[in-house]
Amino acid sequence: MTKSNKKNNITFEHKQSAHCENGVVSNLLNFYGIKLSEPMVFGIGSGLFFSHMPFLKVGGIPVTSFRPLPGMIFKRLSKRLGIKFEKHRYSNPHKSMEALDKNLQNGIPTGMLVGVYHLTYFPDPYRFHFNAHNIIVFEKKDNTYVISDPIMEGYESLSYNELLKVRYARGLFAPKGHMYWPKSVPKEIDLKSAIKKGIAHTCKDMLTIPIPMFGVKGIRYLAKKVRSYPKKLSSRRAASYTGQIVRAQEEIGTGGAGFRYMYSAFIQEAAEIMKNEKLLELSFELTSIGDLWREFAIITGRIIKNRNTIDESYDKAADLLLVIADKEEIFFKELNKLNKSL
Amino acid sequence: MKSKDVPQDDANMMQGKFKEPIYSVDEKGNYTTVKSVGWDAKNEVMKDAWDNVNNRIDKAKQDVLKGKSSPIAYYIEKNIMDVGIVASYMRIWKWRVRRHLKPSVFNKLSDEMIDKYCEVFGVKREIFLNNDLLNKEEKQINDKE
């Protein structure tokens, strides 16, 4: 859905996206005349990843993630496209709001990090203490800020105090009033080279990090863990541990199946830009891997529903993860090879 | 996944506030997004996560009612926080928050400190200090269905 808003000389187009970081970047750049789709931003920024870190726990449950750390997509994309951003943090909350007001007076839509928990317009089941959400503020009307939140369908608004609260949420990744906006945008961008760099980076991350918790190795590592859950944990905990994987995979922002579909969309778009049939074929291959991840989610859903009956589903889930790992390994190797020849 | 296969299993997870774009392939083989209200497999894990939260809230509530912990223990769980997050909002050390979990220490806290906790938890002072009300407290979200 596309909406635009004309006032104070700012015409800001809001487009809903699956993932907040992609969405903010895509919407901000659009304002400056650079049209990049969400999958394009995601691919160039190397947003696809996999990690399983059993020692890092949230709510007592080990963290599995299908994405790099927050802020990485943004950082990589701006570097690869040569876009310079102005970035600021403020220790004094009121100063940060003053700086924002000044920006808005100058007609600069401003991106910022916020905590999700106190976002009043968010659905309750999604309000966790997650502090790396991105939104754009582009207008102030009678003490109310007009917000383009990439995961919402239309505009939202927050009062001065509400906005201040989410900008100074505390805990992990506390945003500390961080805000950013493009300082200089190049006249022409070299999309092809940026795409190549983006793909190369993702392949490297998925294939070569010499620690067993990351990339394709991480998926195999997770398979081993999942197999051991019913032996090591209570049925309740074993189910929740496995459930967290699916939450990370399907949660708001992934666009489904742990970003695999979004990345397929990127590869498809890249195939057109590069005029390469082989890339298009690879896009379909990744789509079918995404379908396997969804199968994993279905098995997990069943595990949780029947957690009080003993069954062999954990083995089935682990076996499936191993199949996925093998397929992803082949996929990224082929993608890497093809990318080098482009 | 094909566009026509994008599930629409509504479990009121988004409370009608929005639909989520899911990437899928249309009949011509092109990627597109389809808005979805939810998917059974995902709803199941979300519900399980909230069950866990609600169990922790219940347990904390019992501890407070039995006099084993101060109300802080209950409000930490109710706000899906942990000692670390509370400490950073309070701007005090974690070990101090942990100490305040003891009813004997809690009962001697200054008014100022109590007010600060109330602000962090978004609760009125008279409610915060009245444990009897805990019995009547409504349950966390997702038990509404």
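**Notes on a predicted two-chain model**

1. Let's start with helix α1 of chain A, residues 20-31. This helix has 12 residues and reaches 16 Å from its first C-alpha to its last, close to the 16 Å expected at 1.5 Å a residue. Keep in mind that this is a predicted model.

2. Now look at what surrounds that helix. In α1(A), 11 of the 12 residues are buried, so the helix is largely enclosed by the rest of the structure. Buried here means that 20 or more other C-beta atoms lie within 10 Å of a residue's own. Among the buried ones are A:C20, A:E21, A:V24, A:L28 and A:F31. After the helix comes A:G33, and its phi is positive, near 85 degrees.

3. Next, the place where the chains meet. Here 37 residues of chain A are in contact with 32 residues of chain B. On the chain B side, β1 (20-25), α1 (40-65) and α3 (83-90) each supply at least two residues. The largest share comes from α1(B), with 10 residues. Sorted by class, this side of chain B has 20 nonpolar, six polar and six charged residues.

4. Back to chain A and its domains. The domain assignment gives domain 1 as 2-35 + 84-184 and domain 2 as 191-341. Their C-alpha centres lie 31 Å apart. Where the two domains of chain A touch, five residues come from domain 1 and five from domain 2. On the domain 1 side you'll find four nonpolar residues, one polar and no charged.

Key. Residues numbered from 1 in each chain as written. Chains lettered and ligands numbered in written order. Predicted model: local features only at pLDDT ≥ 70, side-chain atom pairs only at ≥ 80, totals over all residues. Helix = DSSP H or I, 4+ residues; strand = E, 2+ residues; numbered from the N terminus. Expected span 1.5 Å × (residues − 1). Contact = placed C-beta atoms within 7 Å. Nonpolar A, V, L, I, M, F, W, Y, C, P; charged D, E, K, R; others polar. Domains from an automatic or database assignment.
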